[in-house]
Amino acid sequence: MTTFRLEGFPELEAALLDVAKQSTRVAITRRALQKAAVPMREKAKRYAPIDQGDLEANIIISTRATGEVGVAAYARTMRETGGDAAAAVKAMRDARRAFKAVNPPAILYMGPTREIFYAKFVELGTRARLNGGTFAGTQHPGTPPQPFLRPAFDSEAKATVDRLAPMIWLEIDKSAKRAARKAAKKG
């Protein structure tokens with residue numbers, strides 16, 4: 001996973017801090033991230049090898065931590081406690097809180113949906129190996145990598161960051177106008 005931080009925009013940061021609610025600041029940042037990443041996603045779709053079109057059709061953009069955060073802690077606690085569901089849920093919640101504590105509130109995820117589990121094998125390739133199961137004893141030659149996400153990221157990362165600041169400004173402006181309309185209705 002590749003990460004980068006958007007820093008060095010003191011006016012933008014100050015404007016975001018002027019937004020009253022933390023949840024609104026996070027929502028503004030998430031909306032801007034999603035919009036800024038659309039060209040990167042479209043490029044990844046163009047680079048994706050087409051067999052049945054499943055891979056291309058299932059490349060998504062998300063700004064929320066998906067279910068894997070805390071799942072390992074849940075499973076480990078279930079094994080260690082002999083199935084104590086309450087302890088496992090607590091461990092999962094603790095792991096999610098710890099994740100939130102060390103990560104920024106808005107993170108961008110881009111890639112295939114969970115249903116397209118084989119995407120990592122397409123992106124990275126597989127090594128030659130001896131088959132098991134129905135084809136036990138036969139040799140699988142492996143598959144060469146067909147990268148589509150990394151080239152899209154490499155070619156669009158800087159452009160995405162360049163698009164992000166103006167989009168955050170736009171979202172701040174929209175949020176301020178919404179707040180003004182709400183205040184006018186109340187007053």
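Biologist: Which hand is the crossing of H2 and H7, left or right?

Modeller: The H2–H7 crossing is right-handed. Right-handed means the near helix is turned clockwise from the far one by less than a right angle, and left-handed means anticlockwise. This is a predicted model, where local features need pLDDT of at least 70, side-chain atom pairs count only at pLDDT 80 or more, and totals for chains, interfaces and linings use all residues. Residues are numbered from 1 along each chain as its sequence is written, and side-chain values use heavy atoms, with hydrogens and water left out.

Biologist: What angle and axis distance for H2 and H7?

Modeller: About 150°, with the axes of H2 and H7 7 Å apart. Axes are lines fitted to C-alpha atoms, for helices over the stretch in contact, and angles run from 0 to 180 degrees between N-to-C directions. H2 and H7 are therefore roughly antiparallel. The cut-offs: under 35 degrees is roughly parallel, over 145 roughly antiparallel, 65 to 115 roughly perpendicular, the rest oblique.

Biologist: What classes of residue make the H2–H7 contact?

Modeller: It has 18 nonpolar, 4 polar and 8 charged residues. Ala, Val, Leu, Ile, Met, Phe, Trp, Tyr, Cys and Pro count as nonpolar, Asp, Glu, Lys and Arg as charged, and the others, Gly among them, as polar.

Biologist: Now H1. How does H1 cross H7?

Modeller: At roughly 25°, and the axes of H1 (10–18) and H7 (149–186) come within 11 Å. So H1 and H7 are roughly parallel. Their crossing is left-handed.

Biologist: Which residues meet there?

Modeller: From H1, Glu 11, Leu 12, Ala 15 and Leu 16; from H7, Ala 165, Ile 168, Trp 169 and Ile 172. Contact means heavy atoms within 4.5 Å. The H1–H7 contact has 7 nonpolar, no polar and 1 charged residues.

Biologist: Switching topic. What is the volume of the second largest pocket?

Modeller: About 310 Å³. A volume is the space filled by probe spheres set on the grid points, which are joined across faces, edges and corners.

Technical notes
Helix = DSSP H or I, 4+ residues; strand = E, 2+ residues; numbered from the N terminus. 1 Å grid on protein atoms, 1.4 Å probe; cavity = no way out; pocket = protein on both sides within 12 Å on 5 of 7 lines; lining within 4 Å.
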